[in-house]
Amino acid sequence: MFDVFVSDPFTFLVYVFIFSLCIGSFLNVVVYRLPVMMRNQVEDDYLDLLEKEPKKRPAFNLSTPHSACPKCKNPIKPWQNIPVISYLWLRGKCANCKTSISARYPIVELTTGLLGLLVAYQFGASWQTSALLAFTYFLVALTLIDMDEYLLPDSLTLPLVWIALIANSFGLFTSLESAVYGAIAGYLSLWSIYWAFKLLTGKEGMGYGDFKLLAAIGALLGWQALPVVILLSSVVGAAVGILGIMIMGRDKNIPIPFGPYLAAAGFIAALWGNDITAAYFQFAGIR
């Protein structure tokens, strides 16, 4: 199969796009269910600490119960769950009760598909593509959860660190030494900023999940890429925040999740980090 993909790049791109669409459909499930599972676990742990019997709930995890319409509870059939196509075929409505389905579902599927396609186009049929595809899928899930819940779960950020370190144990993106120092520097850089900001203002500027996400990005790309990632994420985050306040009238006291900007910057740096650095050096007259 690998030889077929190498000899026929178009088939490989089509395969990755379709596969990524399906992963995007699964990520919709992860983004909704994982925070609920975490809240249930916290509640059970609290009741257990009080020596009370935890609540008996129906099984709720990433595979159970099966997907259903949130209003009429009618189970979603397999042919009604084909990424993007089913949404268009059903005209964005439940097949049973005709309740409107959020356009977010096909948008997430299509976005994941296009990001996967971009990775495959950039790296071709290679182990780098396999590793970066997995990394990208995690970044999509983390971005959406942070936007919804202001949360970057350890169950996603920590495996991401290990994916990066394992990939670079084979030297796919950088040396293992650079990856290890990248993870350390990524974590400590935001950790230091967090504590400096807290000591100066008495407020928390970001969460610990941001430290772990940047550690994962540093582990994938090496410590050398961290300045580009931090600069990109900060500039985009500041621009979006200012536009939100000026154009949309967003309350400046409402926190802005930083994870999505870190994820976007990490993805951009993985694909075009060297080009960005070279362009900056050329602009600054540095050789």
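User: Is cysteine 69 buried or exposed?

Analyst: Cysteine 69 is buried; its relative accessible area is 7%. Please note that this is a predicted model.

User: Which cysteine sulfur is nearest to that of cysteine 69, and how far away is it?

Analyst: The nearest one belongs to cysteine 72, at 3.7 Å. Cysteine 69 is in no disulfide, because a disulfide is counted when two cysteine sulfur atoms lie within 2.5 Å.

User: What about cysteine 97, which sulfur is nearest there?

Analyst: For cysteine 97 the nearest cysteine sulfur is again that of cysteine 72, 3.7 Å away. Cysteine 97 takes part in no disulfide either. With a relative accessible area of 29%, cysteine 97 is partly exposed.

User: How many disulfides does the structure hold, then?

Analyst: The structure holds zero disulfides.

User: Let us step back. How many helices and strands are there?

Analyst: The protein has 10 helices and zero strands. Along the sequence, the pattern reads α-α-α-α-α-α-α-α-α-α.

User: What box do the C-alpha atoms fill?

Analyst: Taken along the principal axes, the box is roughly 65 × 60 × 45 Å.

User: And what share of the residues is buried?

Analyst: Buried residues account for 38% of the 287 residues. The accessible surface of the protein is about 17,200 Å², and 67% of that surface belongs to carbon and sulfur atoms.

User: What share of the contacts joins residues at least 24 apart?

Analyst: The share is 69%, counted among contacts between residues at least 6 apart in sequence.

User: Where does alanine 125 lie?

Analyst: Alanine 125 is in the loop that runs between helix H4 (104-123) and helix H5 (127-149). Alanine 125 counts as partly exposed, at 21% relative accessibility. The cut-off for buried is under 20%, so alanine 125 does not count as buried.

User: Changing topic: which peptide bond is cis?

Analyst: The bond from threonine 64 to proline 65 is cis, and its omega is near 0°. Proline 65 is placed in the loop between helix H2 (9-49) and helix H3 (85-89).

User: What is the phi of lysine 73?

Analyst: Lysine 73 has a positive phi of about 65°, although it is not a glycine. Lysine 73 sits in the loop between H2 and H3. At 58% relative accessibility, lysine 73 is classed as exposed.

User: And tyrosine 150, what is its phi?

Analyst: The phi of tyrosine 150 is positive too, near 55°, and this residue is likewise not a glycine. Tyrosine 150 is found in the loop between H5 and helix H6 (154-169). Its relative accessible area of 44% makes tyrosine 150 partly exposed.

User: Last one: how many positive and negative side chains does the protein have?

Analyst: There are 19 positive and 18 negative side chains. The centres of the two sets lie 12 Å apart.

Technical notes
Residues are numbered from 1 along each chain as its sequence is written. This is a predicted model: local features need pLDDT of at least 70, side-chain atom pairs count only at pLDDT 80 or more; totals for chains, interfaces and linings use all residues. Side-chain values use heavy atoms; hydrogens and water are left out. Helices (H or I, at least four residues) and strands (E, at least two) are DSSP runs, numbered from the N terminus. Buried means under 20% relative accessible area, exposed over 50%, partly exposed in between (1.4 Å probe, protein chains only). Contact means heavy atoms within 4.5 Å. Accessible areas come from the Shrake-Rupley method with a 1.4 Å probe; for residues, only the protein chains shown count as cover. Lys and Arg count as positive and Asp and Glu as negative; His and the chain ends are not counted. The place of a charge is taken as NZ of Lys, CZ of Arg, CG of Asp or CD of Glu.
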